[in-house]
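Here are some friendly notes to read alongside the model. Take the points in order and keep the 3D view open as you go.

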Amino acid sequence: MTNNGNTDRDENILEIEDLAVSFDTEEGEVEALDGVTFSARGKSVTGLIGETGCGKSVTGLTVLGLLDQNARIKRGKVIYKGEDLLDKSERELEKNFRGKEIAMIFQDPGSSLNPVFTVEEQITEAIKMYQNAGREKNRDLAVEMLEKVKLPDAVQLLRRYPHELSGGMKQRVMIAMMLSCNPSLLIADEPTTALDVSIQAQFIKVLREIKEELGTSILYITHDLAVISEICDRVSVMYAGRIVENLSVMELFHEPLHPYSRKLVHSVPGVETSLSDLEEIPGSVPRLINPPTGCRFHPRCEEKGENCSGEVPRLKRVGPDHEVACHKIEVQESEGSP
Amino acid sequence: MNAILELRNLKKFFDSPEGTVKAVDGVNLKVYQGETLGLVGESGCGKSTLVRAALRLIEPTKGEVLLRGEDVVKFDRKRLVEARGQMGLVFQDPHSSLNPRMTVAEILRRPIKIHDLCDSEEMTYNRIVELLETMGLSEEHMIRYPHELSGGQKQRVGVARALAVEPEILFLDEPTSALDVSVQTKILKLLRRTMDQLSLTYVFISHDINLIRTISDRIAVMYLGKIVEVGDTGEVFFNPLHPYTKGLFESVPLPDPEHRIEEVPLPGDVPSPVNPPPGCNFAPRCPKKIDRCEEEEPELGEHENGVQVACWVA
């Protein structure tokens with residue numbers, strides 16, 4: 001099976017530009033996203049990392065037009081293979097994009113599957129959206145998908161209901177459903193957070209194989225830096241509704257530039273860390289009803305300067321593939337700036 | 001070294017429509033004075049049940065819980081309350097373990113009152129302020145309700161409540177797993193400092209193996225209701241003897257992009273604790289199993305490096 005369309009490794013399959021999304025709540029307007037800019041490449045895994053409430057899930061939902069009623073898209077673009085998805089009608093999204101082009105899997109596999117339908121019914125429903133080849137063929141395809149995600153006894157599995165499966169199996173059934181539509185981009189929102197490490201290791205291997213064998217691009221949303229290092233090629237670091245840094249996974253761990261990225265990398269225990277090596281970030285994540293002015297990280301930043309509370313830092317290119325939004329980072333004028 | 005707490009053949013079974021769930025099935029474990037013992041294992045292995053049975057928040061089915069040599073399981077109500085004054089518990093989810101209708105002061109006043117630790121209202125007040133300050137909070141937080149606090153602050157109140165009774169052992173059941181990493185470090189450092197100040201002993205439960213490795217002196221690995229390996233953290237990580245321990249550690253992603261988990265270290269799923277397999281519980285998933293593993297259950301035995309392991313081939 002080959003992929004829909006062709007997107008090369010160096011080409012962007014998804015480009016999010018200056019995206020701003022607000023939610024109207026009883027307490028006021030929550031500026032969940034305010035100028036999110038990053039891209040996901042073809043045939044690679046892009047990580048979107050950040051802490052609770054930073055807007056990483058909202059970003060994923062915006063791409064697929066799945067935001068709640070109280071959300072307002074204030075500005076920005078979501079360019080998928082050259083087309084702005086924000087211009088598409090609900091019908092166009094449903095008919096041409098969701099599932100077929102871009103699929104999404106969520107954190108809790110238990111609540112993403114319908115408890116009253118068998119695995120076969122749920123996978124073939126997805127298959128029918130894309131190619132309805134009749135009952136027999138659909139079932140064969142369903143078995144093929146289940147085998148692709150390394151689920152044993154695929155034929156027997158078709159008759160099972162979700163409650164008969166373990167968490168790791170359910171998450172793989174979700175992947176099989178999504179693969180049956182043959183999308184070019186998979187958005188995975190904390191897919192292993194509810195899973196044990198041994199099951200997580202199995203799952204990550206399946207994702208890696210999907211990327212390598214089918215050429216599916218993956219946008220991997222997580223708060224877990226260790227998982228990012230395991231699976232991602234590139235990373236976008238989010239803080240309080242903004243991207244603070246876009247960089248390769250190697251750069252993130254070896255030379256992160258934004259003070260938040262640096263703190264984040266040094267707050268996670270690894271093999272040879274002792275407690276005193278771990279850095280803490282003073283304060284806590286701001287509420288986005290009344291976010292800090294200027295750089296949203298400045299109240300917690302140990303390196304803040306005068307204009308950090310005034311002016312919003314823009315993403316600046318600091319390397320061939322490295323952008324950072326911080327006033328303290330000097331940019332060489334010769335390199336790529338206008 | 002002195003064991004402050006010793007679990008002997010501790011069992012906790014639950015009845016379910018499918019049969020008896022052996023959540024904790026014959027655990028032998030010593031906790032030494034002044035150490036941090038890390039307890040790791042995957043979900044459903046019985047870590048939380050073990051702690052609750054040791055505190056008699058649920059009654060153990062069988063076995064002994066020796067607190068400084070005395071069996072807590074045999075204690076009457078009055079002595080049990082006393083014993084619980086020596087063992088504190090911090091829960092995983094700070095959002096649901098604090099009563100939303102009580103202020104921070106009321107939350108902290110309760111254990112002090114129940115254990116009758118302060119003679120006057122003024123002493124109680126000062127004690128509450130002291131507890132808050134130990135956890136990096138202050139007097140002004142007393143009148144706050146839990147919903148007015150951040151996740152990290154709530155968990156610090158949770159720890160302060162556990163410390164209110166002046167325990168000797170603190171059981172920490174995934175205390176930071178509901179928190180963001182940037183907040184986690186602060187709690188961990190506060191816990192370490194408090195431990196030194198108050199000469200505490202910690203039993204730290206976590207599924208985050210990198211975290212346990214960083215903070216524990218010794219580590220105990222649980223699988224399906226049993227301890228499969230226990231020993232010095234450095235030894236166990238450097239040279240895991242039980243095939244489950246080895247597979248578990250190899251499954252853990254590291255924050256290092258040069259490190260890759262190439263093969264799946266632990267294939268298959270954890271079997272149901274309702275009908276655990278005969279012999280060694282891990283045998284069906286074990287790459288090294290021999291015939292004996294499926295017939296006879298291995299007991300914890302000590303190896304040269306002082307690590308105890310329950311395995312026929314280790």
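Which side chain does Glu31(A) meet in a salt bridge?

1. Please remember from the start that this is a predicted model. In it, Glu31(A) pairs with Arg296(A), and the N to O distance of this salt bridge is 3.0 Å. As background, side chains of opposite charge can pair when their charged atoms come close. Over all chains, the count is 43 salt bridges.

2. Now turn to where the two chains meet. On one side, 39 residues of chain B are in contact with 40 residues of chain A. Together the chains bury about 3500 Å² between them, and carbon and sulfur atoms give 55% of that area. Look for Ser182(B), Pro255(B) and Pro257(B): these supply 17% of the area that chain B buries against chain A, more than any other three residues.

3. How many salt bridges cross this interface? The rule finds 1 between chain B and chain A. Its partners are Glu280(A) and Lys186(B), with 3.7 Å from N to O. Polar contacts can be counted too: 17 residue pairs make them between chain B and chain A, taking pairs with both residues at pLDDT 80 or more.

4. Which elements of chain B give two or more residues to the side that touches chain A? They are α6 (181-198), α7 (209-215) and α9 (243-251) of chain B. The largest share, 8 residues, comes from α6(B). Sorted by class, this side of chain B has 16 nonpolar, 10 polar and 13 charged residues.

5. Next, find the sheet in chain B. It is an open sheet of 8 strands with mixed pairing, in the order β6-β7-β8-β3-β9-β10-β12-β11. At the edges lie β6 (87-90) and β11 (301-302) of chain B, each of which pairs on one side only.

Methods. Residues are numbered from 1 along each chain as its sequence is written. Chains are lettered from A and ligands numbered from 1 in the order in which they are written. This is a predicted model: local features need pLDDT of at least 70, side-chain atom pairs count only at pLDDT 80 or more; totals for chains, interfaces and linings use all residues. Side-chain values use heavy atoms; hydrogens and water are left out. Contact means heavy atoms within 4.5 Å. Buried area is the accessible area (1.4 Å probe) that two parts lose on being put together, summed over both. A salt bridge is a side-chain nitrogen of Lys or Arg within 4 Å of a carboxyl oxygen of Asp or Glu. A polar contact is a pair of N or O atoms within 3.5 Å; within protein, one must be able to donate a hydrogen and the other to accept it, and residues adjacent in sequence count only if both atoms are side-chain atoms. Helices (H or I, at least four residues) and strands (E, at least two) are DSSP runs, numbered from the N terminus. Ala, Val, Leu, Ile, Met, Phe, Trp, Tyr, Cys and Pro count as nonpolar, Asp, Glu, Lys and Arg as charged, and the others, Gly among them, as polar. Two strands pair if DSSP finds at least two bridges between them.
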